[in-house]
Each structure stands twice: as C-alpha cells, then as structure tokens.
Amino acid sequence: MKQDPDTSRLGFHYYPDTLHYSHRDLQVWLPILKSLRASWLVLLAPLNRAIPEPFLRGLLEANIQPVLHFLLPLEQPIDLDNLQLLFENYVNWGVRYVILFDRPNVRLAWSTQSWVQSDLAERFLDYFLPPAERAFHAGLTPVLAPLEPGGDYWDTAFLQAALKGIQRRCSSDLLRALTLSAYAWVEDRPLDWGAGGPERWPKSRPYYLPAGHQDQRGFYIFDWYLAVAQAALGDALPILLLGVNSRSQAVSGAGPSPGGGIEHVEKNLELARLVCAPPVEGEPADQPYEAVSPRVLACNFWLLTALEDSPPMGHAWFQPDGSSLPVAAAFQEWLSSCPLGLPQLPLSFPEGSTQNPAQESVQSVEHYLLLPLFDWGVSEWYLDAIRPFVIKHRPTIGFSLLEAARARRVTVIGGEQLFAENVLEKLRNAGCRVERISGDGTEIASILATL
C-alpha cells in the first residue's frame, strides 16, 4: 500500500556559523523550511551569548525543533555557569536538544601530547560530562558528540568506550536521557552501505574491512551505533542523524562539490523517502532499501545555506546569490505533491445513508484530547505541556483521529504540520467542536491553563 510521507523526522543544517539569527533571517528562511516540510533544524550555538529568543520561538511556532550544537573546545576551560544560564534560557523558550562537542575521535581535536596518551574516550568524558549534567538538570536532552565515521580513533570503538564510561560514571537518570548523534553522509558508497550493522557484517573490524564486507561509514551508520549502545548498555538509545547528503565530505570543509547532477538529486530524494516513508508493519516496502530504525529521531540534511565563498557553499541547497541546487526544487516538488498532515479520516457516508456514521456515536466521548504520535513514540514535550489541563478537565487522551471523531469536543495539540486543517474540517463535519492549540511547549501549557 502506498503511503503518504511522514516528514516528522526530516530536518536540515542551517548556516554553519552563528551570524544569521535575526528577525530578517527568520523571515527569509522560515517559508523555505516550511516548503521543505522541515521538522528539525540544526543550529550552531554561540558559547558567549544566546541565540535570540524570537528566532527560536519562530521555529518552534512552526513546529520546527531546533537542535543546538555547541562546538565546545577540548582541553580548554569551560565556563559551566555561563553554559547553565544559556541552558536555562533555552529550556524556557522551548528548546529540547543540545549537542555537546564535535568529533573528539579525530587527531586535530586534541593537542599532540594528549592524543598519544591512553584512555582517550575517558578523557573526553572528563570534558563532556560536566556540561551534559548541567544541560540535563536544566531540563534539556544532552546529545553525545557526533564522531568522524572511521576517524583517527575508530568511531565505533570510541563510542563503545565512551558509553561504558558514562554508564560507570554518571547517574542512571542522565544515561536514560542521553541521545546519540552520527554523521550519516554517504559520499560515493551505495545508499544501503552497511545496512544491518555488525550482525550482518560480523567480519568488519576497526581499521579493517575484509573484501566483500561493509562497515558503518554510510547512511546506515545508525544500525552500527545502535548495536554498540545495545551491547554496552543493554539498550539502544535514540539517535539524531547529522550531515546527511549523498556527497557530504563538505561537513569538514573538504571534498568535491556535489554539483547539480541528476545523481545528486536522485540519491538525496531516495534518502528522504527512506526517512519519511517507512514501510507499514506486515506490508511490503515501497522502496528497495531497509526501513530506518524508529530510534532515529531526525535526519538532518547538509546543507540549507552558507556564506558566499565559504568552503561549504558548494553544498548549500540555497546559494547566496538566490539560486538553488536542483535538489532543492526536487524536494519542494516532491513534497508539494504529497498530502500534508495525517491520513484522511474515513468518514464517508454508507451508500443510501444521509448521515455520517461517525455522528451515530458522536456522544460516546464527551471531550477528546488529540496528541501527535511520531514514529519514535510519544513526545514528552507534549505530555508535560498538557498535564495541568488533564488534571483539571480529565479528557480522554489519545492519538486516533477515528476515536476523536466520536467526541462532542476535540482539543487538538499541534500545528498544521502535525494536523492539517482539512483533517480538522473532517472532524467538524463529523459533528465535533474542534479547537486547535499550537505553539511551543510553554505557549501550549499557558493556553491550556486558561481553558
């Protein structure tokens, strides 16, 4: 059965700098992000000041979750009190995810003296855990630094050592809140390179790839990282994919430009289809590749835009001169041809009937609180926001449009990207009194508190 794409995991990387967070920038890029159905946006976070609240709130009101990447320095003092203040502000504004550090498994991240010492992963944790604890206690989800696939210190070995160290050294609460990240660029390998992880490719070893085998250095890197987490912790962790692109060497500012060829367009569209159209359980997949794990929270494509003459500009989908790579138009055309929001309610009239069948039982539920349900599960962000409202009004809570259609009153939590207006109109036609509550977590909670 053909599926409409679920774009709740689709995201992008914003400018690879900290200079473009003005109101004008928001006005320019928010319509473009909406046309790309973005649900996530990776932003580089300044270390000495906050990203302006209006910029972040503008994204959140459009149901785009910002992921803040702090490029903290290794082997240098970190002002934890200043970071904590930033973290607390970001929580109040609705931010949830912060990535701490970047590619600590490469030689250039360390001094020569430190690199040659033993226990590199443990020494990285000396730097990572203090800000991670501050972020967690402020109410954020700390994200473990993404590693260089392969890398000077093999990334899967580094990840295994780091996770074991975190398990030994930090609280169980922090460990449960931890999220992984991974650079999932494809380069010139097949899109399904490494799919199935170490279970399928058991002879692959750090720094050694036998003939006819595959490893983690591709889009399916998440299969390998999740297997490492399962082995180290007894449970897989959620994971954010970064740098997704069919030719993403530019994450490090090197490598060939992707150009505007049809291969670049087709590969990136196929990656998007993989993430946005997972097969229904028990039914054959519409695409030839394996489904993306539900543990993958987001797939962030590299790169939305960049400064003119900067190394990543060749990979920017939208160029400084106003032009764009063919892949941008292809994405917009593909998405514009797909229905927005959740599948349509099957509220058709039976043959010969003059009444909608849903109206026959519309009074079976007095008040239904309709929440969005993502591939990766239920959002704690929404659950926290609705708690006072639930205590006061005691509505029926659920995720089903069909159940909602049997209620006198339906309160819908989420903007049009989660529940399209035509879906709400179906509920109204079924006899429901519908009200929509949207915005970020703080705004939703404030509005619900007044109802």
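Let's start with a helix contact. Leu80, Asp81, Leu83, Gln84, Phe87, Glu88 and Val91 in α3 meet Pro130, Pro131, Arg134, Ala135 and Ala138 in α5. Sort those residues by class, and the contact of α3 with α5 has 8 nonpolar, 1 polar and 3 charged residues. Keep in mind that this is a predicted model.

Now the geometry. Two packed helices are described by the angle between their axes and the distance between the axes. Helix α3 covers residues 80-93, and helix α5 covers residues 120-138. Their axes come within 9 Å and cross at roughly 30°. Angles under 35 degrees count as roughly parallel, so α3 is roughly parallel to α5. The crossing of α3 and α5 is right-handed.

Next pair: α1 and α2. Helix α1 is residues 23-35, and helix α2 is residues 53-61. What is the angle at which α1 and α2 pack? About 15°, with the axes 11 Å apart. α1 and α2 are therefore roughly parallel to each other. α1 passes α2 in a right-handed crossing.

Who touches whom here? On the α1 side we have Asp25, Leu26, Leu30 and Leu33. They meet Pro54, Phe55, Gly58 and Leu59 in α2. By class, the contact of α1 with α2 has 6 nonpolar, 1 polar and 1 charged residues.

Asn63 is found in the loop between α2 and β3, the strand at 65-70. Asn63 is not a glycine, yet its phi is positive, about 60°. Why flag that? Because most residues other than glycine have a negative phi, and most peptide bonds are trans.

The bond from Trp302 to Leu303 is cis, with omega near 20°. Where does Leu303 lie? In the loop between β8, residues 296-301, and α11, residues 326-336.

Last topic: empty space inside. Rolling a probe the size of a water molecule over the atoms shows where empty space is left. How many cavities of 30 Å³ or more are counted? The count comes to 2. I'll take the second largest cavity. About 30 Å³ of space lies in it. Its lining is Leu144, Ala145, Leu147, Leu159, Leu180, Ser181 and Tyr225. By class, that lining has 6 nonpolar residues, 1 polar and no charged.

To recap, then. Both helix pairs came out roughly parallel: α3 with α5, and α1 with α2. For the backbone, go to Asn63 for the positive phi, and to Trp302 and Leu303 for the cis bond.

Terms used:
Residues numbered from 1 in each chain as written. Predicted model: local features only at pLDDT ≥ 70, side-chain atom pairs only at ≥ 80, totals over all residues. Heavy atoms only, no water. Axes fitted to C-alpha atoms, helices over the stretch in contact; angles between N-to-C directions. Helix = DSSP H or I, 4+ residues; strand = E, 2+ residues; numbered from the N terminus. Parallel < 35°, antiparallel > 145°, perpendicular 65-115°, else oblique. Left-handed = near helix turned anticlockwise from the far one by under 90°. Contact = heavy atoms within 4.5 Å. Nonpolar A, V, L, I, M, F, W, Y, C, P; charged D, E, K, R; others polar. 1 Å grid on protein atoms, 1.4 Å probe; cavity = no way out; pocket = protein on both sides within 12 Å on 5 of 7 lines; lining within 4 Å. Points joined across faces, edges and corners; volume = space filled by probe spheres on them.
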